[in-house]
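Biologist: I have not looked at this one before. Could you walk me through it once it is on the screen?

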Amino acid sequence: MEVTENCSVKVAVHIRPLIADERTQGCTECVTVTKGKPQVQIGTHSFTFDHVYGHGASPSSSMFEECVAPLVDGLFQGYNATVLAYGQTGSGKTYTMGTAIKDGSETGLIPQVMNALFKKIETLKHQTEFQLHVSFIEILKEEVRDLLDSEPVSKPVTPNGNAAKVTVPGRPPIQIRESSSGVITLAGSTEVAVSTLQEMATCLEQGSINRATGSTNMNNQSSRSHAIFTITLEQMHKIQSVSAVNDTSDEDMGEEYLCAKLHLVDLAGSERAKRTGSDGLRLKEGIHINRGLLALGNVISALGDEKKRKEGVHVPYRDSKLTRLLQDSLGGNSKTVMIACVSPADINAEESLNTLKYANRARNIQNKPVVNRDLVSNEMQKMRQQLQYLQAELCARGGPTSDIQTLKERITWLEATNEDLRRELHEYRSLRAVAECCETGAQESRSCFVKIDGHKRAIQSMDLPDYQMDEVLSDDNPGEIDEVDKELEHALRRNNMDRELNELNKRLEQKESEMKLVGGTDTEALKQHFQKKITELEEEKRIVQQERDRLLAAVENRAANSDSQIQKAQEINVQKLKALEAQISDLKKKQENQVELLKQKQRSDEAAKRLQAEIQYIKAQKVQLQHKIKQEAEQFRQWKAYREKELLQLKKEGRRNEYERHKLEALNQRQKQVLQRKTEEAAMATKRLKELLEARKYSIRDNSVNHNGHTPNGQVNDV
Ligand code: ADP
Ligand code: MG
């Protein structure tokens, strides 16, 4: 079940105007409302509520919209709700709730609830099935009375002639039952199924009459009884699946069942017992306090006091029938509104203060309403969510059809590629075979037929059964030799070009390796190195020359003084000078070497350049050759295809001719047969004619002999 946010009991105060009775007693108003705030003052006390109605605060007419309409909406979402009217007798509870027969029958909350309920059902009935039940009970002296029981067992007639309905000992009392899930039900109370606003209104009216008549007989015990009007709303909500919605088909996914109850409670008067004595007797305070209200007070104080709540103090729901019945509405599974009814008259000041204190405490009660969905509906809700999630995921992946589509496309692509490759393979195989044949054939200068034979063998070695080469090369088709020759020629050319290409590749490789040797090191860096070396040497040379000059000058200077010591020094200097000169010549040699090296370097650079150019040229040649090979292959392929087509055409023609020949032969045969038959028939006819003529000849002769014994020409036959 879905748990909504914690929601505290909302409390509104309804202050009625002074009634005629109070006015005649000269009562004054002792309750004031802070302007623009839901705040009420009584004496020195000040209380803030969720709403305050009447007596200069909000108009009573807005009470339903602000306090009760949200509960009616919640009912359709599956939330239980309770509206409690609390206050002393005569403070306006019955008026506010609308449970009276006349008073507030239109302005009261219950009639407005009924209106709103049916209006909403009207707008939703095309998508949801609704079932409404009402029950109306009264708790009096800890007994539950059914106010909707249409068959009262006995109707004792009162002195004023009114039929009174009272609980009868013979009838089984209504029991309060609690299911395993903690739901409180009344066993044996009448639950009337209603389908129209009128039916529901009748129930309310009937129950109110029953309550009132009962009260008249029992000394206005209505102030001591709690009346609970309960509306049960069951909904069967048809839910369409995501796909069904998309397909706009009528296929529905399932149903969601929700059931929620709205209790509308007109509580007994909250005043202390001392004031209720209709006979005017001053009963001892607290003796006969309504047990239900006492328990309700205790429940509210246990639930409304945060400290007590935290300490986990026992909540005495079981102390009375009222608290047991309202268990869900106080700190449980219900959205609850309490309307504290207050009289502004000063004579009621004490009770009004008590009511406000009581109501203020009730504000602290926290409820935890949940949607009342049955277990199956709950499970279905979960599965529906899962389905939606999966469908969304499926959509995101592009669906199974697109997968299959891409796979199919891939298969066709692969098949096409396979076909291409097979064709290529076939071409290569035939080329290879032809080349082999050509090699052996050319070298050994065999006859053309030998070549054909080799070719045939080679081709037969290809395992492509669909290729009927036998037929193409059949010996009784000498015209095909031309074709074989052409193939051989092509293979030869191809072979030559391949060889040429290989040659080029080899040359290229060679040149590149040469190039590596020549330009292996970085020529530019080398050049710089040598240049530096040369300048260094030149610098060194210059320094040494300067030293030499200096020494020469010194020698010359000292030559002027012919001192023996100086002589010695001079000798040393001369030696030094010689050494320096040797050094200089050495350096000069080195410099020359370096210059030589530099020249060599330049030469090798030039060689490298030449090689580079050669490589470029070979590469271009190679590309050209490759291009040529390709062209050749393409031409050959085209020619081959053309030949094959031609061959097919010829074969077809041959077949047609063969067929024609057969046909003619058959015709000829038939004609021959006919001729023979005709000849035979003619021969037979001639034969028969001859016989006939013969026969006639004899008969004529016989006749002439018999008649005159003479032959026709007058001769006498000698017999
Ligand atoms: P209770 O049910 O609390 O005993 P009732 O609803 O019977 O009180 O009200 C007592 C009297 O006060 C009735 O005559 C009723 O008409 C009158 N009364 C109550 N509330 C209002 C109101 N808001 N405006 C006018 N009269 C009211
Ligand atoms: Mg009343």
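Biologist: How many disulfides does the count come to?

Modeller: Counting a disulfide as a pair of cysteine sulfur atoms within 2.5 Å, the count comes to zero. Please keep in mind that this is a predicted model, where local features need pLDDT of at least 70 and side-chain atom pairs count only at pLDDT 80 or more, while totals for chains, interfaces and linings use all residues. Residues are numbered from 1 along each chain as its sequence is written, and side-chain values use heavy atoms, with hydrogens and water left out.

Biologist: Is Cys203 buried or exposed, then?

Modeller: Buried means under 20% relative accessible area, exposed over 50%, and partly exposed in between, with a 1.4 Å probe and protein chains only. Cys203 counts as buried because its relative accessibility is 9%, whereas Cys259, at 21%, counts as partly exposed.

Biologist: New topic: which residues have the most contacts inside the largest nonpolar core?

Modeller: They are Val13, Leu330 and Met338, in a core of 45 residues. The largest share of this core, six residues, comes from helix 7. Such a core is a set of buried Ala, Val, Leu, Ile, Met, Phe, Trp, Tyr and Cys residues joined through side-chain atoms within 4.5 Å, and helices (H or I, at least four residues) and strands (E, at least two) are DSSP runs numbered from the N terminus. Apart from it lies another core, of 42 residues, among them Met63 and Leu233.

Biologist: And what does Met338 touch?

Modeller: With contact taken as heavy atoms within 4.5 Å, and not counting residues up to four places away in sequence, Met338 touches residues including Val11, Leu84, Ile300, Ala359 and Ala362. Ala359 and Ala362 are also among the buried residues of helix 10.

Biologist: What do the buried residues of helix 10 pack against?

Modeller: Their partners include strand 2 (10-15), strand 7 (81-86), helix 7 (291-304) and strand 15 (335-342).

Terms used
Chains are lettered from A and ligands numbered from 1 in the order in which they are written.
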